[in-house]
Amino acid sequence: MKDSWARAYTGAMFRVRPSSSVWLVMLALALSAVGLPSRVAADDADDGARPPRDVVPLSTILASARRIVTGKMIEVELEFDVDSPTGAGRWIYEIEFLTPDGRIVELEYDARTGQLLEIDGAPWPAGVPRPAN
């Protein structure tokens, strides 16, 4: 004969008695052992850099990007690019789209000027000046 624990939990994968706080503790321990993120990933770590107050609003950048690329926007980042041509670094917006034909297109904008810096996955749009390197 099965004991009361086995009888209570057979047939249902996640059945928990409301009065059983032991099971809630075990569930919490199990979830922590699964490897849920307990800290920020290395590439998202706070390195003390803060964006300047004079960045172009994201809404302006997105309006420009949507005139260039059609599709679903899948990622937007504002990050400090230490490898800028001036060597001093600069803040850039990176925006990724998934186009209707399945391509990933990434656009990079200078966050202070709003100038389009780079396009990966699509041709440079006509009428948009290229940045001087």
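**Group meeting talk: a walk through a predicted chain**

Hi everyone, let's start with confidence: the chain averages a pLDDT of 75, and 61% of the residues score at least 70. Please keep in mind that this is a predicted model. Over residues 1–21 the pLDDT stays under 50, and the model has 13 contacts there beyond four places in sequence. Residues 33–45 also have a pLDDT below 50, with 2 contacts in the model beyond near neighbours in sequence. Where pLDDT is low, the predicted coordinates should not be read in detail.

Now for the layout. The chain has 3 helices and 4 strands, and from the N terminus on they run α-α-α-β-β-β-β. Of the 133 residues, 26% are buried. If we take contacts between residues at least 6 apart in sequence, 34% of them join residues at least 24 apart. The accessible surface comes to about 9,800 Å², and carbon and sulfur atoms hold 57% of that.

Next, the salt bridges. How many does a search of the whole structure find? The search gives 3. Let's take them in turn.

In one of them, the side chains of D54 and R112 meet, at 3.3 Å from N to O. D54 sits in the loop between α2 (21–33) and α3 (58–68), while R112 sits in the loop between β3 and β4, so this pair ties together parts that are 58 residues apart in sequence.

Another bridge joins R90 and D110, whose closest N and O atoms are 4.0 Å apart. R90 is partly exposed, with a relative accessible area of 24%. D110, by contrast, is at 11%, and the cut-off for buried is under 20%, so D110 counts as buried.

The remaining bridge is made by the side chains of D101 and R103, 3.0 Å from N to O. D101 is exposed, at 55% relative accessible area, whereas R103 is partly exposed at 36%.

Let's turn to aromatic rings. The whole structure holds 1 aromatic pair. Which way do the rings of F80 and W91 face each other? Their centres are 5.3 Å apart and their planes stand at 65°. Planes over 60 degrees apart count as edge-to-face, so that is the name for this pair. F80 lies in strand β1 (residues 72–81) and W91 in strand β2 (residues 90–98), 11 residues apart. F80 is partly exposed, with 34% relative accessibility, but W91 is buried, at 12%.

On the surface, I74, L98 and I104 form a nonpolar patch, with about 240 Å² of accessible area together. One of its members, I104, is found in strand β3 (residues 104–110) and is partly exposed, with a relative accessible area of 43%.

Last stop: V128, in the segment after β4 (116–120). How far apart are V128 and I68 in space? From C-alpha to C-alpha they are 9.6 Å apart, although 60 residues separate them in sequence. V128 has 28% relative accessibility, which counts as partly exposed.

Terms used. Residues numbered from 1 in each chain as written. Predicted model: local features only at pLDDT ≥ 70, side-chain atom pairs only at ≥ 80, totals over all residues. Heavy atoms only, no water. Phe/Tyr/Trp six-rings, centres within 6.5 Å; stacked < 30°, edge-to-face > 60°. Helix = DSSP H or I, 4+ residues; strand = E, 2+ residues; numbered from the N terminus. Buried < 20%, exposed > 50% of the residue type's maximum accessible area, 1.4 Å probe, protein only. pLDDT = per-residue confidence, 0-100. Contact = heavy atoms within 4.5 Å. Patch = residues over 30% accessible without salt bridge, like charges linked within 9 Å, V, L, I, M, F, W, Y side chains within 5 Å. Areas by Shrake-Rupley, 256 points an atom, 1.4 Å probe, with all protein chains shown as cover.
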